[in-house]
Amino acid sequence: SDAYLPHLERLAIPITFIHGEENACFLPESTQITFDLLSERNGAELYAREVIPDYGHIDCIFGRNASTDVYPIILNHLERQRP
């Protein structure tokens, strides 16, 4: 069932979408569509999106260089949420 789209206001929280450019499981365009939809509904200031070149589906977590290419993006997102 479509549990999310009818209630986009429930996703009015800070989200950084991180997507591998070479992801064949979920195309990078999918997070762009979600990013655009949420930004339009809840305000773009809540959202960010990073596409990581040469990374596939799960490489953003387990990839050889994820600790230097991706983890700083995650840390930056978390640090921006500090009170």
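D54 sits in the loop between strand 2 and helix 2, where helices (H or I, at least four residues) and strands (E, at least two) are DSSP runs numbered from the N terminus. The model is a predicted one, in which local features need pLDDT of at least 70 and side-chain atom pairs count only at pLDDT 80 or more, while totals for chains, interfaces and linings use all residues. Residues are numbered from 1 along each chain as its sequence is written, and side-chain values use heavy atoms, with hydrogens and water left out.

Although D54 is not a glycine, its phi is positive, at about 65°. Most residues other than glycine have a negative phi. With a relative accessibility of 65%, D54 counts as exposed; here exposed means over 50% relative accessible area, buried means under 20%, and partly exposed lies in between (1.4 Å probe, protein chains only).

The protein chain has four helices and two strands, and from the N terminus on its elements follow the order β-α-β-α-α-α. Taken along the principal axes, the C-alpha atoms fill a box of roughly 40 × 35 × 20 Å, and of the 83 residues in the protein chain, 29% are buried.

The two strands are linked to each other. Strand 1 (residues 15-20) has five of its six residues buried, so this strand is largely enclosed by the rest of the structure. Strand 1 and strand 2 (residues 47-52) run parallel and are joined by six bridges, two strands being treated as paired if DSSP finds at least two bridges between them. I15, for instance, has Y47 in strand 2 as its bridge partner. Together with helix 1 (residues 28-42), the two strands make a right-handed β-α-β unit; a crossover is called right-handed if, with the strands pointing away from the viewer, the path from the first strand over the helix to the second runs clockwise.

A search of the whole structure finds one salt bridge, defined as a side-chain nitrogen of Lys or Arg within 4 Å of a carboxyl oxygen of Asp or Glu. E9 forms this salt bridge with R41, with the closest N and O atoms 3.2 Å apart. Because E9 lies in the segment before strand 1 and R41 in helix 1, the pair ties together parts that are 32 residues apart in sequence. E9 is partly exposed, at a relative accessible area of 38%, and R41 is likewise partly exposed, at 47%.

The cysteines are not joined. The structure holds zero disulfides, a disulfide being a pair of cysteine sulfur atoms within 2.5 Å. C25 is in no disulfide, and the nearest cysteine sulfur, that of C60, is 12 Å away, which is too far for a bond. C25 is exposed, with a relative accessible area of 55%, whereas C60 counts as buried at 5% relative accessibility.

I58, I61, F62 and Y71 make a nonpolar surface patch of about 420 Å². Such patches are made of residues with over 30% relative accessible area and no salt bridge, like charges being joined within 9 Å and nonpolar side chains (Val, Leu, Ile, Met, Phe, Trp, Tyr) within 5 Å, and accessible areas come from the Shrake-Rupley method with a 1.4 Å probe. Of these residues, F62 lies in helix 2 (residues 59-62) and is exposed, with a relative accessible area of 63%.
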